[in-house]
Amino acid sequence: MLNYIHAELWRFFRRSAGKALFLISALLPALLNLYVLFFNLWDRPAERYDLSISLEMAVALMPLAGVLLLMALTQSAFADETRLRTLKNSLSSGGSRGIVYGGKLLSGLLLAALCLGTALAAFLATGLLLLPERDWSAFWEAARGFAAVLCCCIPLWLGMLGVFSLLNFSLSNGTAGAAAAVLLSFFAVPVLFSFQGPAAETIRKFYLPALFFEILPDGSYEGTERLMGQCWLTGCGYFAAAAALGWALFRRRDID
């Protein structure tokens with residue numbers, strides 16, 4: 001298993017797409033801080049925008065950006081198997097289906113964690129350098145909200161990673177399946193929020209894409225903090241269900 005995970009990580013960073021995704025995870029947070037700096041220099045607002053403002057902007061962008069990055073990451077991890085149909089090579093060389101399936105999932109988790117850590121480090125480093133904070137009380141309040149949303153996003157991203165891996169393991173065209181899942185999920189959310197009543201409220205609590213919108217703060221972060229338990233329950237539940245279903249389908253799938 002460890003050898004397979006090592007091979008997956010080596011193959012990911014050897015490919016140009018893997019290197020590009022890793023670079024994007026560092027560049028996008030830095031570009032957000034550069035955008036705020038540019039706004040300060042160009043528009044010259046009465047009160048200069050500091051890192052606390054950039055943190056508040058990141059809170060709104062982070063959930064969906066993470067989902068799109070995960071979709072690209074899982075597709076890159078499965079690109080060779082899907083395009084060149086080389087999954088059978090791993091099985092014919094002595095690797096069991098359990099090793100291939102578990103190795104893919106664990107390497108995906110490691111890559112996602114590495115990209116997240118890189119993004120956070122790039123954001124904080126460039127933010128402290130380009131947008132020195134003057135009001136530290138405002139910064140810590142914004143940081144508290146950022147941390148609350150991040151703690152809610154992590155399990156939801158985990159659930160989406162499980163769904164994307166399930167689609168790539170089960171379908172011959174993983175890109176189409178993952179793109180359809182994201183589009184249908186996020187286009188369905190406004191419709192779901194238009195319904196009222198106990199049934200709609202219950203569905204929204206356990207419908208993972210809807211929680212990405214629920215966790216965004218509306219003037220106060222206390223509501224977001226109260227959703228952490230629900231996010232962890234839902235996200236881990238989605239991941240476990242997707243992993244179990246993916247294994248059940250993969251062990252019976254004909255690999256050609």
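Colleague: Of the contacts in the protein chain with a separation of 6 or more, what percentage comes from residues 24 or more positions apart?

Modeller: The share is 80%. Bear in mind that this is a predicted model.

Colleague: How do I read the end-to-end span of α3?

Modeller: Compare the separation of the end C-alpha atoms with the reach of a straight helix at 1.5 Å a residue. Helix α3 covers residues 51-77, 27 residues in total. Its end C-alpha atoms are only 34 Å apart, whereas a straight helix would reach 39 Å.

Colleague: Where in α3 does a kink lie?

Modeller: The kink is at Leu61, shortly before the proline Pro63, and amounts to about 45°.

Colleague: What describes two packed helices?

Modeller: The description consists of the angle between their axes and the distance between the axes. Here α3 packs with helix α7, residues 136-170, at about 10°, and the axes are 9 Å apart. The pair is roughly parallel because that angle falls under 35 degrees. The residues of this contact comprise 21 nonpolar, 7 polar and 1 charged.

Colleague: Is Ser54 buried or exposed?

Modeller: Ser54, in helix α3, has 0% relative accessibility and therefore counts as buried. Beyond its neighbours within four places in sequence, Ser54 contacts Leu32, Asn33, Val36, Phe123 and Leu131.

Colleague: Where does Asp50 lie, and which residues does Asp50 touch?

Modeller: Asp50 sits in the loop between α2 and α3. At 5% relative accessibility, Asp50 also counts as buried, because the cut-off is under 20%. Not counting residues up to four places away in sequence, Asp50 touches Leu131, Pro132, Glu133, Arg134 and Asp135.

Colleague: What is the class of Ile24 by relative accessibility?

Modeller: Ile24 is in helix α2, residues 16-43. Its relative accessibility is 36%, so Ile24 counts as partly exposed.

Colleague: How many residues separate Ile24 and Cys115 in sequence, and what is their separation in space?

Modeller: Ile24 and Cys115 are 91 residues apart in sequence, and their C-alpha atoms are 9.0 Å apart.

Technical notes: Residues numbered from 1 in each chain as written. Predicted model: local features only at pLDDT ≥ 70, side-chain atom pairs only at ≥ 80, totals over all residues. Heavy atoms only, no water. Helix = DSSP H or I, 4+ residues; strand = E, 2+ residues; numbered from the N terminus. Expected span 1.5 Å × (residues − 1). Bend = angle between axes of the 7 residues up to and from the residue. Axes fitted to C-alpha atoms, helices over the stretch in contact; angles between N-to-C directions. Parallel < 35°, antiparallel > 145°, perpendicular 65-115°, else oblique. Nonpolar A, V, L, I, M, F, W, Y, C, P; charged D, E, K, R; others polar. Buried < 20%, exposed > 50% of the residue type's maximum accessible area, 1.4 Å probe, protein only. Contact = heavy atoms within 4.5 Å.
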